[in-house]
Amino acid sequence: MRDLAIRAINAARQFGASYVDVRVMERTTEGIDVKNGRVEGVSSGTSSGFNVRVIVNGAWGFASSARMDNAEAERIARQAVQIARASSLVAGEAVRLSALPPQIGSYRTPMQIDPFTVPLNQKVQLLLDADAAMRSIEGVAITSANMEYSRERKFFASSEGSEIEQELFDTGAAISATAVDPESNELQTRSYPNSFGRQAGTVGYEFIEAMDLVNHGARIGEEAVRLLAAPQCPSGITTIILDGPQTALQVHESCGHPIELDRVLGYEAGFVGKSFLTMDKLNSNYRYGSDVVNLTADATIPGALGTFGWDDEGVPAQRTPIVSQGIFSGYLMSRDTAPLIGLSSNGCVRADGWNRLPMIRMTNVSLEPGTWKLDDLIADTPDGLYMSINKSWSIDDRRLNFQFGVELAYEIKNGKLGRLYKNATYTGITPQFWGSCDAVCGLDEWTVWGTPNCGKGEPMQVMRTGHGAAPARFRNVQVGVGRWS
């Protein structure tokens, strides 16, 4: 990997590049899917290649290849330089990079059990046993269980003298049960530990073992069946308590995306829109939320899905305050966007493959823990709803107006959980919603939830991000939006 990278750097410099970086990467992924008591599929694949990114005459150029030999290294270097030179003919501000001392080092995901060393039949049997536990509940019609784990080896080198090796693992799994009403054909689904993918982290197979999927199978099956007979969530303005996974998704959609500086600058407007957090709001005491709202972007949290040693520009992983006691204080930045606001990159650039241009991505954007216990928070709430695990979401292209649906909700009456409701939804406007947050649970109930399927870019790149969250309470929220027959 190193020899190829150095050859490409030297060639690009000879062809006229003022800056060069090279990523050589190999990613291996395996997945297992079980549905309705049968193995639906076992997949395995490896992708490898390299890319060269250059600056020529103040413009970027990028090229990549799956063929890794000396001649190809020189060809791709030349191609990247040619692209940059052509780009420089278009009027625009010259690229400036924030300062970065040469980075030399290596990083490997800490783990106890390499998931690739666990026998396949053992992993399949775990999912089959969890699936059987869900199917043991009468009324459950559809069950699924999945597991995915990957290993990414990459080498980064730059013309500034950086040389970095990393070996990153991510591991995750999930189960879901769907009950069907035979008369109305209504469907209700419960998921564990999270919905829409899986709960995942930069950890080993011990992470999946700790989920205890089998012993949660019957519970989520029973809850799916109970939802069929549950009343529709009422409409109105009320207090809500979001559980940890739902709070994490709320952070992802209404906090993580709008702080991406490339969105703010309009670089990503064609696919995922811009951001309401325009640059005039930085350093202006802009109130993003209440005093109990503290958000950070931290790529150093052990085991979190957005954790690494260095980003794909060679910037060290770090922790950045985003919202401090409700006041907006920072963006996710790259080496070429940070100088536009007089700052340096905070290490938030990644690409999902060797043939993709790296861009600003979330690391672990988290709502910092508060001081409450969930039982005390419920007891302190005279009237409201407790809402659990995402079912649907919609948010505008500036990340301002949103609507979320959850798999289930419980009535809160006189500080106690009451009736179960189905099809619960809530809506809000981002700064007002976070301004209504008056309580966050503490570290004992705080978990970093993995989002393994965050999409961005054209062509779209799927990235793995993390979001630390605990149950949180919000006042005066509109619930029960939407129609159900």
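How many of the residues of helix α6 (residues 244-256) are buried? In this predicted model, in which local features need pLDDT of at least 70, side-chain atom pairs count only at pLDDT 80 or more, and totals for chains, interfaces and linings use all residues, 13 of the 13 residues of α6 are buried, so the helix is largely enclosed by the rest of the structure. Residues are numbered from 1 along each chain as its sequence is written, and side-chain values use heavy atoms, with hydrogens and water left out. Buried means under 20% relative accessible area, exposed means over 50%, and partly exposed covers what lies in between, with a 1.4 Å probe and protein chains only. Helices (H or I, at least four residues) and strands (E, at least two) are DSSP runs numbered from the N terminus.

**Helix α6**

- At the start of α6, the backbone nitrogen of Q246 has a side-chain oxygen of D243 within 3.0 Å.

**Helix packing**

- Helix α3 (residues 120-135) and helix α5 (residues 213-229) have axes that come within 7 Å and cross at roughly 20 degrees, where axes are lines fitted to C-alpha atoms, for helices over the stretch in contact, and angles run from 0 to 180 degrees between N-to-C directions.
- The helices α3 and α5 are therefore roughly parallel to each other, given that angles under 35 degrees count as roughly parallel, over 145 as roughly antiparallel, 65 to 115 as roughly perpendicular and the rest as oblique.
- On the α3 side the contact (heavy atoms within 4.5 Å) is made by L126, L127, D129, A130, A133 and M134, and on the α5 side by L213, V214, G217, A218 and I220.
- This contact of α3 with α5 has nine nonpolar, one polar and one charged residues, where Ala, Val, Leu, Ile, Met, Phe, Trp, Tyr, Cys and Pro count as nonpolar, Asp, Glu, Lys and Arg as charged, and the others, Gly among them, as polar.
- Helix α1 (residues 2-14) packs against helix α2 (residues 70-87) at an angle of about 40 degrees, with the axes 8 Å apart, which makes α1 oblique to α2.
- The crossing of α1 and α2 is right-handed, and the contact is made by L4, R7, A8, A11 and A12 of α1 together with N70, A73, E74, A77 and V81 of α2.
- By class, the residues of the contact of α1 with α2 divide into seven nonpolar, one polar and two charged.

**Two serines**

- S191, which is found in strand β7 (residues 187-192), is buried at a relative accessible area of 7%.
- The side chain of S191 makes a polar contact with the side chain of E407 at 2.7 Å; a polar contact is a pair of N or O atoms within 3.5 Å, and within protein one must be able to donate a hydrogen and the other to accept it, while residues adjacent in sequence count only if both atoms are side-chain atoms.
- With neighbours within four places in sequence left aside, S191 is in contact with I175, S176, I220, I389 and E407.
- S235, by contrast, lies in the loop between α5 and β9 (236-242) and counts as exposed at 57% relative accessibility.
- A polar atom of the S235 side chain lies 2.6 Å from the backbone oxygen of G480, and, leaving aside neighbours within four places in sequence, S235 is in contact with V479 and G480.

**Backbone features in loops**

- Y192 and P193 are joined by a cis peptide bond with omega about -10 degrees, and P193 is found in the loop between β7 and β8 (199-201).
- Another cis peptide bond joins E458 and P459, with omega about 0 degrees, and P459 has its place in the loop between β21 (447-456) and β22 (461-469).
- N36, in the loop between β1 (19-35) and β2 (38-56), has a positive phi near 50 degrees and counts as partly exposed at 36% relative accessibility.
- N423, in the loop between β18 (416-421) and β19 (424-429), has a positive phi near 55 degrees and counts as buried at 7% relative accessibility.

Conventions
A crossing is left-handed if the near helix is turned anticlockwise from the far one by less than a right angle, and right-handed if clockwise.
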